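Good morning, colleagues. Please look at the structure as I bring it up.

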Amino acid sequence: MKTPICNLLVIIAALLVSSCGSGPAQTPTTATPVAAQPAPPAAPAYTYPKARRGDQVDDHHGTRVADPYRWLEDPDAAETRTWIAAQNKLTQGVLGSIPARERIRSRLSKLWNYERFGTPRQVKGRYFYFKNDGLQNQSVLYIADSLDGKPRVLLDPNTLSEDGTTALKHSKLNKKGSLLAYQVSKAGSDWVEIRVRDVKTGKDLEDRVRWVKFSGISWARNGKGFYYSRYDAPEQKTALRKANYFHKLYFHKVGTDQDKDVLVYERKDQKKWGYGGTVTDDGRYLIIHVWRGAESKNQIFIKDLKRKRAKLVELIQGFANEFDFVGSQGKRFWFKTDDSAPRGRLVEINLRKPERKHWKEVIGQRDETLRSVQLVGDRFVASYLKDARSAVMLFDTRGKLEKELPLPALGSVWGFSGDRKDKETFYLFTSFLYPTTIYRYDFKTGESSVFRQPKVAFDTSNYVTRQVFYKSKDGTRVPMFLVHRKGLKMDGNNPVYMHAYGGFNISLTPSFKVRRLAWLEMGGIYAQPNLRGGGEYGEAWHKAGMMGNKQNVFDDFIAAAQWLVKEGYTRAEKLAIGGGSNGGLLVGACMTQRPELYGAVLAAVGVMDMLRFHKWTIGWAWVPEYGTADKAADFKWLHAYSPYHNLKPNKYPATMVTTADHDDRVVPAHSFKFAAQLQQSQKGAAPTIIRIETKAGHGAGKPTSKRIEEAADRWAFLVKALGVQSAKAVNAKKKAETSH
């Protein structure tokens with residue numbers, strides 16, 4: 001899910017044109033029909049654990065809907081624990097019987113074992129950055145007295161737990177660089193505890209701020225305290241699944257107990273409002289981002305911190321548009337917004353004349369989508385998306401374009417943090433075949449130089465990245481990235497793994513993932529379509545894939561699969577699809593609508609029960625994206641595509657559902673119920689299993705060791721399901737073809 005704070009729940013994250021019924025869907029006229037799969041045996045080839053089918057039936061606006069596995073919503077019940085144990089035993093047996101699994105795991109370990117870095121932050125002449133030696137479970141925070149100085153460890157999260165499952169989620173230094181406030185998450189939970197470390201001694205103070213969730217950290221100018229957000233302490237037994245309401249903004253003074261923290265803002269009449277506090281660089285004002293669920297819209301309130309009795313100014317009222325605070329000078333404030341600009345613009349609001357008619361446009365809307373703006377080096381550094389790939393423009397503070405930053409390849413850029421008067425900034429560049437490299441930009445010379453560049457034991461020169469465009473069912477032009485070995489034969493026999501997301505205004509851009517390298521080595525193709533529902537083309541693209549338009553997302557994905565078959569890249573038996581969270585919903589819906597299109601499915605931490613998602617933890621926050629079954633109109637489209645409710649007796653592709661016992665974002669009940677129903681509905685020979693990770697959550701902060709094991713299981717499952725050759729066999733075949 002994404003920053004700044006007003007959009008944190010988008011990542012929670014982090015997040016209907018035609019029906020999703022059980023009848024066969026029609027093939028779009030723009031693609032040829034896929035080849036039929038070989039007829040499997042009349043009965044499943046696996047004996048699945050018995051799962052009691054309850055008699056729960058709910059009445060939704062006059063429609064009776066069965067929910068036979070409602071009992072699986074309680075993860076602590078004895079019956080559920082027995083079911084989980086039996087499922088894990090089955091899954092371990094299936095995965096353990098795949099000969100290639102250990103070979104893949106070994107190769108992944110070697111590929112993963114390379115030094116990698118985070119972007120540095122300079123504070124008072126010292127540099128702070130994260131580094132991972134290779135196979136460390138968590139990256140370590142270092143400090144150096146100069147850019148080329150010898151780094152020393154400031155905080156090593158690997159020492160916080162023996163198994164590496166305690167992770168550092170977010171950290172922030174005060175202006176003096178003397179204190180570090182950092183958030184600790186245990187076993188992948190969204191709940192975090194804030195601790196404070198003395199930078200000079202490297203030791204923690206006694207401060208412990210608990211029950212924090214969906215919060216940033218913003219220090220007061222004097223560095224003696226910080227603003228943060230939290231919920232009231234929940235009941236321990238239901239902390240990982242009970243709905244979270246009534247967010248509150250607090251101020252914590254360092255050296256005091258949490259019960260002495262000052263409540264800065266709350267709204268007892270608005271249980272769904274959330275808050276994030278940001279102190280301006282001059283320390284004068286507190287900017288309060290007010291969000292409401294996963295909406296790409298927010299309010300902005302401002303409080304003058306130098307006037308003790310200053311009233312809160314509701315600068316931006318109503319949830320009409322998105323406003324991201326960029327920076328300020330005196331009473332002039334700059335915000336990135338989609339107000340009157342669905343692809344984004346930068347506006348200036350003066351507190352002396354805050355009315356909308358007095359707003360000044362600093363950077364106008366462009367053809368590209370404005371993703372973020374940073375005020376650093378006395379310039380606005382604006383990051384854009386052009387067909388889902390990055391472009392960076394530098395503007396002066398009046399909005400005049402100075403230059404476009406040259407980038408090394410088609411890829412993605414992140415970073416550009418710092419203070420307004422800094423003479424340098426750092427950013428990272430990454431792409432599918434370009435390991436994440438850290439660059440330093442010198443504002444005086446206007447030049448970029450490499451700060452740290454990783455060395456990976458993989459020859460990327462043998463592979464190529466392409467961007468193609470295809471037409472969806474309604475004629476919409478959709479982009480898709482393809483990564484594969486050079487000299488690919490278009491004979492329809494290539495194994496393809498297609499991954500997508502399509503929701504919550506989140507954009508999928510090129511990125512370097514070690515786990516994909518093993519797939520490419522085995523002759524696999526990686527495909528990444530940029531579906532509607534994302535933010536690749538601004539808010540209009542997002543709206544075209546949300547609420548009642550959600551079926552567009554599935555149509556885009558299905559059309560991508562058909563295009564890959566039509567163009568000779570693969571065939572149905574060799575095509576695997578995957579996605580996580582909202583992407584898990586995506587592949588769950590598409591496999592129920594068109595099961596014959598795919599040879600395998602990897603559904604990770606997916607939102608599978610669209611009629612009850614809003615009843616758990618932060619699920620209610622997704623209602624602006626999906627709708628709610630509590631409303632009759634919304635129920636119709638939700639019930640039409642809900643993966644759990646649309647599984648019928650059928651021949652489904654090989655499927656591995658993955659979830660985690662500490663996922664309090666998309667609670668495991670989604671995956672439990674879907675897997676139980678899928679196994680009951682499977683009439684083909686392909687396996688349908690569920691992998692349940694322990695001491696893990698939605699994904700953030702997962703230790704390297706668990707990432708490697710999970711990736712090995714995923715690729716091993718696809719190797720078996722799609723009949724993929726080993727990397728050694730692929731290389732031998734390639735050499736033989738070259739010799740001839």
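Is Asp713 buried or exposed? This is a predicted model, so every value I quote is computed from it. In that model, Asp713 has a relative accessibility of 7% and counts as buried, because the cut-off for burial is under 20%.

Let us turn to its partner. The side chain of Asp713 forms a salt bridge with that of Arg691, at 2.8 Å from N to O. Asp713 belongs to helix 10, residues 704-722, whereas Arg691 belongs to strand 39, residues 688-693, so the pair ties together parts that lie 22 residues apart in sequence. Arg691 is itself buried, at 11% relative accessibility.

The side chains of Lys336 and Glu322 meet in a salt bridge at 3.6 Å, N to O. Lys336 sits in strand 21, residues 332-337, and Glu322 in the loop between strand 19 (313-316) and strand 20 (323-329); the pair therefore ties together parts 14 residues apart in sequence. Lys336 is buried, with 7% relative accessibility, and Glu322 is buried as well, with 5%.

Arg152 and Asp145 are joined through their side chains by a salt bridge of 3.3 Å, N to O. Here Arg152 is partly exposed, its relative accessible area being 38%, and Asp145 is also partly exposed, at 49%.

How many salt bridges does the structure hold? The total is 49. Some residues are linked in a network of these bridges: Asp58, Asp67, Arg70, Glu73, Asp609, Arg612 and Lys673.

Lys673 brings me to helix 9, where this residue is among the buried ones. Helix 9 comprises residues 669-681, 13 residues in total, and spans 18 Å from its first C-alpha to its last, close to the 18 Å expected at 1.5 Å a residue. The helix is mostly covered, with 12 of its 13 residues buried. Among them are Phe672, Phe674 and Leu678, together with His670, Gln677 and Gln679.

What covers the buried residues of helix 9? The covering elements include helix 1 (78-96), helix 6 (582-593), strand 38 (654-660) and strand 39.

Thank you for your attention.

Conventions. Residues numbered from 1 in each chain as written. Predicted model: local features only at pLDDT ≥ 70, side-chain atom pairs only at ≥ 80, totals over all residues. Heavy atoms only, no water. Salt bridge = Lys/Arg side-chain N within 4 Å of Asp/Glu carboxyl O. Buried < 20%, exposed > 50% of the residue type's maximum accessible area, 1.4 Å probe, protein only. Helix = DSSP H or I, 4+ residues; strand = E, 2+ residues; numbered from the N terminus. Expected span 1.5 Å × (residues − 1). Contact = heavy atoms within 4.5 Å.
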